[in-house]
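Hi,

Here's the structure I promised to pass on. Have a look at it first, then read my notes below.

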Amino acid sequence: MNSKKTYIGIIVVAALIIAGMYSTRPQSTTTPTPIIDNTTSAGATATTSSTTTSSRTSAPTTTPADKPKSTQSYKDGTYTASGSYKSPAGAESIDVSLVLKGDVVTDATVTAKAINPISKDLQAKFISGFKAQVVGKSIASLKLGNVSGASLTPIGFNNAVEQIKVKARS
């Protein structure tokens, strides 16, 4: 029983020590500051006194010169490209148009260009669901996977996006 009280006492003391170390109250320190009396005669000694200062922990301040410049890497505007991919029926493509503002896609359209009926159907499914995964996203990290059951059409989309990135680089 006595060892439990000792253990609890140690925990309480440790908590108090830790709380004191992380206190947000200013800590006072005494720093000696020499004071030289120029009016003393030859052979006299200078006197020193102590000054009490307060130290506080605060976040570093930044000046406008410290702030990073715009990290925008793409020019605002509307860009269009054609993206191709290979389906089981052969080569297919789609046309992609993206509107960029501040490296973010603010609008997007895709035009189906498929020849094969199955590819036409899958491109239509892709078109019905791709916008929610594109608008409002950064173009830098834009890369789509399976969209609405279409797994190959996103390859054409991603190819077109890569072409748009090249065109929009500033």
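**What I found**

The protein has 3 helices and 5 strands, where helices (H or I, at least four residues) and strands (E, at least two) are DSSP runs numbered from the N terminus. Starting at the N terminus, their order is α-β-β-β-β-β-α-α. This is a predicted model, so local features need pLDDT of at least 70 and side-chain atom pairs count only at pLDDT 80 or more, while totals for chains, interfaces and linings use all residues. Residues are numbered from 1 along each chain as its sequence is written, and side-chain values use heavy atoms, with hydrogens and water left out.

Of the 170 residues, 23% are buried (under 20% relative accessible area, with a 1.4 Å probe and protein chains only).

Now to Asp103, which sits in the loop between strand S4 (90-101) and strand S5 (104-112). Asp103 is buried but has no salt bridge (a side-chain nitrogen of Lys or Arg within 4 Å of a carboxyl oxygen of Asp or Glu). Its nearest side chain of opposite charge is Arg169, 7.6 Å away; Lys and Arg count as positive, Asp and Glu as negative, and His and the chain ends aren't counted. A polar atom of the Asp103 side chain does lie 2.9 Å from the backbone nitrogen of Tyr74.

Last, helix H3 (residues 153-168): its buried residues include Phe157, Val161 and Ile164. The buried residues of H3 pack against strand S3 (77-87), S4, S5 and helix H2 (117-129).

Cheers

Terms used: Buried means under 20% relative accessible area, exposed over 50%, partly exposed in between (1.4 Å probe, protein chains only). A polar contact is a pair of N or O atoms within 3.5 Å; within protein, one must be able to donate a hydrogen and the other to accept it, and residues adjacent in sequence count only if both atoms are side-chain atoms. Contact means heavy atoms within 4.5 Å.
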